Amino acid sequence: MQTLLAHPDRPDVGRPAGGAAHLGYAHGPHFCLGAALARTQIEVALTGLLRRFPDLALADAMEQQARIPDPGTWRLAALPVILRTPGTAPR
């Protein structure tokens, strides 16, 4: 099977945005009306979370995360993280 991305089954926040390979919010007549709001909400939420917990880390390796079968999307069953406030020692 040919794919457009090197590892399409892995989330990669460093992957370049845009291009024909990404249809996360669809396009054309199927473009999500709430896409701009959703992007703004996630940007505000993640900015606040990372400001409060700059040492936020995944509790387990990404490869160990359970996925929910859902054609056309990449859904996780859960994403356990470790939250540490600045200045606290890791456990």
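The model is predicted, so local features need pLDDT of at least 70 and side-chain atom pairs count only at pLDDT 80 or more, while totals for chains, interfaces and linings use all residues. Residues are numbered from 1 along each chain as its sequence is written, and side-chain values use heavy atoms, with hydrogens and water left out.

**Overall fold**
- The protein chain holds 1 helix and 4 strands, in the order α-β-β-β-β from the N terminus; these are DSSP runs, helices being H or I of at least four residues and strands E of at least two.
- Of the 91 residues in the protein chain, 3% are buried, where buried means under 20% relative accessible area, exposed over 50% and partly exposed in between (1.4 Å probe, protein chains only).

**Q65**
- Q65 lies in the loop between β1 (57-58) and β2 (67-68), and it counts as buried because its relative accessibility is 10%.
- Beyond its neighbours within four places in sequence, Q65 is in contact (heavy atoms within 4.5 Å) with D60, L76, A78, L79 and P80.
- The side chain of Q65 also reaches the backbone oxygen of D60 at 3.4 Å.

**L79 and the nonpolar patch**
- L79 sits in the loop between β3 (75-76) and β4 (81-82) and counts as partly exposed because its relative accessibility is 44%.
- Together with I42, L46, L49, L50, L58, V81 and L83, L79 makes a nonpolar surface patch of about 650 Å²; such patches take residues with over 30% relative accessible area and no salt bridge, joining nonpolar side chains (Val, Leu, Ile, Met, Phe, Trp, Tyr) within 5 Å and like charges within 9 Å, a salt bridge being a side-chain nitrogen of Lys or Arg within 4 Å of a carboxyl oxygen of Asp or Glu.
- Helix α1 (residues 35-52) gives the most to the nonpolar patch, with 4 residues.

Technical notes
A polar contact is a pair of N or O atoms within 3.5 Å; within protein, one must be able to donate a hydrogen and the other to accept it, and residues adjacent in sequence count only if both atoms are side-chain atoms. Accessible areas come from the Shrake-Rupley method with a 1.4 Å probe; for residues, only the protein chains shown count as cover.
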